[in-house]
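Me: I have a structure to go through with you. Can we take it in short questions and answers?

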Amino acid sequence: MLDFLKSLLNKGLIKMKNNLQAIILAAGKSSRFKTNHSKLLEKICGQEMILYITKLLSGFEVQTTVVVGYKRELVEATVKNNHAEPINFVHQEQQLGTGHALMCTQTFWERDHILVLNGDMPLVTADCIDTLYKKHIAQNADISFVVAHNIDPDLNSYGRVIQEGSSIKIIEAKDDTRENSEHCCINAGIYLFRKDFLEKNINEISKSKVTGELYITDLINIASKKGFKVETASAQVDIIRGINTLKELWAAEQIKRAEIIKHWMERGVRFAFAQNCHVDLNVKIEPGTNIGAGVQVYGTTTIDANCKIEAFSILDNAILQEGVTIRSHTIVKNSTIGKNSNVGPFAHIHTNTIVKENVAIGNFVEVKNSEIGDHSKAKHLSFLGDTQVGANTNIGAGTITCNYNGILKQRTIIKDNVFIGSNNCLIAPVTIGNNAFTAAGSVITENVPDYALAIARAGQINKEDYAKKLLDKNKQNIVFAVRDEVAIEDLVNSEELDTLSSE
Ligand code: UD1
Ligand code: CA
């Protein structure tokens, strides 16, 4: 953060705050999203769309007002929860257009220049706003706004900027009745107004004949007609993309995702198949880490140096310490994996689990709300839930900690240097002492003392030559019936079946 502020200082951006305030338009109905949610709360690389703009402005330290309306409680709460500094909110009760949204903020106009931004443009950069501001001040303009050159026919819903001699106006796409109208210069939705211009002219915005809305863009037409000074600043079209549909959201997220992945590549992170990986905005990755195809890294995950994340794994709010290997198709969520540990393939580590150093968690192992000590192993087909495993302990294949009795979740404690045989059920609450053994197939219901061997399974009986006896008595039919199951009911009362099942 300090570096960011320093870089702003170098560019002179910090000086803006004295004569500038910002307004974000975020009340719109998001009708083109067709989701019944506010598009401004849709996440792009893990962060809500509206926060891209509010955080950009908080970097400038300008006083900010957000116009809210549709789903306003949720939008307001999201902004408040993510900002320490005070932000004003204005309620636009009816969504009568962007010009009307600006009118609603009039009582908050205090500074000489008022920066207005659409809330649905998450890719805008500090440089873009800086360029606009500098031009506005240098040219002593009444209105300055950002334009972009667009040749993509898919992006045809933007306001069209039309310049003829000294006159400049914006025609909204919906209102454009010109045949074969040329519209390669588009309006970005970022405006800088002199406050006195706004005060005198805001009420002159007239309703669109097509939509009945009051457009903020009408102010450019008014200014130009009245001979006020209107300036434009150019930006790349990708930076000013406005998000009105789920398709546009997808396109913007692809751009952001590529930006994030390139950022980490420049810092020594290898992506084997970058085009199908996803990394959220607040993830941190150290150099020397290798990320396989289809890996998704979400939330505030941190990955230390020299880790290897194999294909199709998902890391969500995970902490991976140095040298960890996550093998393919593994999920780690809200959990920590200690140095040099190996997890997966097909493992699921979640709910505040701490896997310590040099641990091996193998395939089809689920670990939930547990701690696994240094050098311990659970390599095959296990569930460890609400469990504390000490150091150097081996959990045999197929072991289950039975942590839930239908009412309570209870803990299993397995101490250091323990050997849990294969296919054990450890019925919690239960403690297995240091250096203890349990026999394969055991159902452990009682605590096991240090150094003990617990065997908790039915003893095996071998009946010598029993099969021969059956054959001798010509009982093949029964054997077949048992094998085929179909005739078992017919045999229930028969003497032969008794012979098979008794003793
Ligand atoms: C707007 C511009 C268009 C520009 C484009 C850039 C207008 C009339 N048109 O069109 O020239 O090319 O942005 O992306 O401004 N909002 C409110 N209250 C309302 C209506 C909208 O607060 O009554 C908010 C929305 O939540 C949104 C922003 O204003 O964040 C822009 O509204 P939107 O409907 O997305 O405008 P566009 O049609 O994209
Ligand atoms: Ca828009």
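Me: How many bridges join β1 to β6?
Reply: First, the ground rules: this is a predicted model, where local features need pLDDT of at least 70, side-chain atom pairs count only at pLDDT 80 or more, and totals for chains, interfaces and linings use all residues. Residues are numbered from 1 along each chain as its sequence is written, chains are lettered from A and ligands numbered from 1 in the order in which they are written, and side-chain values use heavy atoms, with hydrogens and water left out. Strands (E, at least two residues) and helices (H or I, at least four) are DSSP runs numbered from the N terminus, and two strands pair if DSSP finds at least two bridges between them. β1 and β6 run parallel, and the number of bridges joining them is six.

Me: Which residue in β4 stands opposite isoleucine 24?
Reply: β1 also pairs with strand β4 (residues 63–68), in the parallel sense, over six bridges. Opposite isoleucine 24 stands valine 66.

Me: How many residues of strand β1 are buried?
Reply: Buried means under 20% relative accessible area, exposed over 50%, partly exposed in between (1.4 Å probe, protein chains only). In a regular strand the side chains alternate between the two faces of the sheet. In β1, Leu20, Ala22, Ile24 and Ala26 are buried on one side, and Gln21, Ile23 and Leu25 on the other. Of the seven residues in β1, the buried ones number seven.

Me: Which residues are the protein donors of the calcium ion (ligand 2)?
Reply: Donors are N, O and S atoms within 2.8 Å of the metal (3.2 Å for Na, K and Ca); water is not among the atoms, so sites may look incomplete. The protein donors lie 2.2 to 2.4 Å from the calcium ion, and they are Asp120 (OD) and Asn244 (OD1).

Me: How many residues apart are aspartate 120 and asparagine 244?
Reply: Aspartate 120 sits in the loop between β6 (113–118) and α5 (126–138). Asparagine 244 is in the loop between β11 (230–235) and α8 (246–265). The pair links distant parts of the chain, and the separation in residues is 124.

Me: Why does aspartate 120 count as buried?
Reply: Asparagine 244 is buried as well, with a relative accessible area of 12%. Aspartate 120 counts as buried because its relative accessibility is 10%.

Me: What span does α5 reach from its first C-alpha to its last?
Reply: The expected span is 1.5 Å times one less than the number of residues. α5 has 13 residues, for which 18 Å is expected. The model comes close to that, at 18 Å.
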